[in-house]
Amino acid sequence: MDLTSEQKAILDGAQGPYLATCMRWLVEWGDVMGARRLIRVDNTHALLPVPNLMARGASQETIEQYVEGLREACRHRTAPGCYCTVHATFVTLDQIDVKENDPDQVRMQQEIADMAAEAGFIPTFTCAPYLVGNVPLKGEICAWTESSAVVYANSILGARTTRHGNESAIAASLLGVVPEFGVLLDENRKGTLRIEVSAQLGCPTDWGALGYFAGKLAGLGIPVINGARRPSQDEAKQLCAALATSGGVSMCHIAGVTPEAATLDEAFYGDVPQQFIPFTDATLREMYDSLRHRTGDEVDSVILGCPHASIREIAEIASMLNGKRVSEGVRLWVNAARATKAGADAMGYTRVIESAGGTILCDTCPTNMRIAARRIVTSGFKQAHYARGMVGAEVIVARLGPCIQAALAGRWMGDE
Ligand code: F3S
């Protein structure tokens with residue numbers, strides 16, 4: 001890769017060993033991916049997580065070493081002019097009654113959050129930064145972790161980011177550059193697979209089903225969605241999250257919605273394939289069936305807000321729960337960014353949800369926290385996909401209405 005003299009100097013240690021390491025991460029990654037240069041990054045969404053409960057098997061020394069690496073990152077300022085936010089973690093920093101919240105983890109995570117803020121990061125602690133102010137413009141170069149947000153940034157906002165891991169996003173935040181490859185370049189943003197939608201998509205979870213289908217087929221490619229009506233923000237959020245779950249997708253095009261794809265022709269750079277894959281009402285049902293594994297009807301966990309809920313979703317949940325009570329033995333989680341919850345507090349939605357027995361969970365989600373459950377009902381295809389492996393629970397993915405019904409009844413009542 002061609003480096004400027006300043007970049008070479010940083011690599012050689014002119015700004016200290018940690019920034020030299022960061023530069024080495026970016027250069028080695030760029031070399032492997034065929035990048036020819038480092039370019040300025042405008043916006044990052046990094047991940048600074050204290051190891052989660054999975055790491056309990058690790059020695060205290062290993063965890064401490066890892067956390068010291070996070071402290072070291074936060075001893076450096078973020079790059080001037082770069083808008084840097086920080087992603088969700090494995091604990092909640094709120095003082096709410098969640099017995100699985102590990103006090104040692106919380107203490108360390110709070111320390112890292114404080115240091116990150118000092119360093120110039122905005123600790124949004126969410127997997128959906130675009131809901132709480134980090135909304136890059138079309139063409140902005142980003143370095144985002146959280147695959148669902150990556151797909152959203154590329155496909156809905158028209159920003160440009162490859163899929164980042166912890167180290168590369170930290171390095172980009174501190175150095176203000178990223179290796180130029182993949183979907184940062186025009187030639188790699190051309191659609192590779194045409195999906196023609198005839199199914200009636202009625203709600204965000206239906207769009208999640210579409211994303212789950214398209215992601216499986218696309219692999220590392222770029223699916224082009226055609227024939228569907230324009231999604232709402234919540235529907236686009238579900239689509240993008242599911243695309244990144246079943247496949248290694250970095251972006252999709254929705255003809256007429258993606259800023260650079262006003263038409264099918266633009267999505268395929270004038271080379272529209274005649275062959276397409278249909279997404280019908282039958283396919284829609286198959287996708288739901290593919291994430292429904294249950295040996296009984298009793299439900300002990302209902303998880304909403306994956307990716308983190310918008311204020312509109314919280315308002316809808318509150319209106320469905322108003323004056324009702326979640327069944328004994330069911331934990332109803334609504335995951336949200338703390339900034340969104342602050343709005344929900346001010347608007348009275350939190351009180352309604354809590355009065356019904358639900359919990360608004362900030363900074364994380366039950367699956368990331370590895371909160372044990374036997375049978376989960378969730379409105380998120382991503383949550384359903386990962387909960388099976390990470391929590392070992394049976395899962396039922398469903399639209400919001402049946403999720404709320406299951407929470408109130410304590411059992412799966414079927415679709416509406
Ligand atoms: Fe977010 Fe958890 Fe889903 S961190 S994207 S709510 S798996």
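**Entry 1. Ground rules**

I count two strands as paired if DSSP finds at least two bridges between them. Helices (H or I, at least four residues) and strands (E, at least two) are DSSP runs, numbered from the N terminus. I am reading a predicted model, in which local features need pLDDT of at least 70 and side-chain atom pairs count only at pLDDT 80 or more, while totals for chains, interfaces and linings use all residues. Residues are numbered from 1 along each chain as its sequence is written, and side-chain values use heavy atoms, with hydrogens and water left out.

**Entry 2. The three-strand sheet**

I began with an open sheet of three strands. Its order is β3-β2-β4, and the pairing is parallel. At the edges I find β3 (83-86) and β4 (142-144), each of which pairs on one side only. From one strand to the next, the twist averages 10° (axes are lines fitted to C-alpha atoms, for helices over the stretch in contact, and angles run from 0 to 180 degrees between N-to-C directions).

Next I followed β2, residues 43-46. Four bridges pair β2 with β3 in the parallel sense.

Are the residues on the two faces of β2 buried or exposed? I find both faces covered. Asn 43 and His 45 point to one side, Thr 44 and Ala 46 to the other, and all are buried (under 20% relative accessible area; exposed is over 50%, partly exposed in between, with a 1.4 Å probe and protein chains only).

Which helix packs on a sheet that holds β2, β3 and β4? I find helix α6 (residues 166-175), and it touches β2, β3 and β4. The direction of α6 makes about 140° with that of β2.

**Entry 3. The four-strand sheet**

I then looked up an open sheet of four strands. The order reads β8-β7-β6-β9, with parallel pairing. β8 (253-254) and β9 (277-279) each have a single partner strand, so one side of each has no neighbour in the sheet.

Strand β6 (residues 193-197) pairs with β7 in the parallel sense over four bridges. I noted two positions along this pair. Leu 193 stands opposite Pro 223 in β7. Ile 195 has Ile 225 in β7 as its bridge partner.

I checked where the side chains of β7 (residues 223-226) point. Pro 223 and Ile 225 go one way, Val 224 and Asn 226 the other, and all are buried.

**Entry 4. α7 against α10**

I turned to a helix pair: α7 (residues 204-218) and α10 (residues 281-290). Their axes lie 9 Å apart and cross at about 85°. That makes α7 roughly perpendicular to α10 (65 to 115 degrees; under 35 is roughly parallel, over 145 roughly antiparallel, the rest oblique).

Which residues meet here? From α7 I list Thr 205, Asp 206, Ala 209, Tyr 212, Phe 213 and Lys 216. From α10 I list Thr 283, Leu 284, Met 287, Tyr 288 and Ser 290.

**Entry 5. Glu 313**

Glu 313 sits in helix α11 (residues 311-321). Leaving out residues up to four places away in sequence, I find Glu 313 touching Asp 234, Lys 237 and His 308 (contact means heavy atoms within 4.5 Å).

**Entry 6. Ser 301**

I looked up Ser 301 in strand β10 (residues 301-304). Its relative accessible area is 5%, so Ser 301 is buried. How far is the C-alpha atom of Ser 301 from that of Val 377? The separation is 6.4 Å, although the two residues lie 76 residues apart along the chain. Beyond its neighbours within four places in sequence, Ser 301 contacts Val 330, Arg 331, Trp 333, Ala 373, Arg 375, Ile 376 and Val 377.

**Entry 7. Val 326**

Last, I took a loop residue. Val 326 lies in the loop between α11 and β11 (331-336). With 7% relative accessibility, Val 326 counts as buried. I find Val 326 and Ala 407 81 residues apart in sequence, but 5.5 Å apart in space, C-alpha to C-alpha. Setting aside neighbours within four places in sequence, I list its contacts as Leu 321, Leu 332, Ala 356, Gly 357, Gly 358, Ala 407 and Leu 408.
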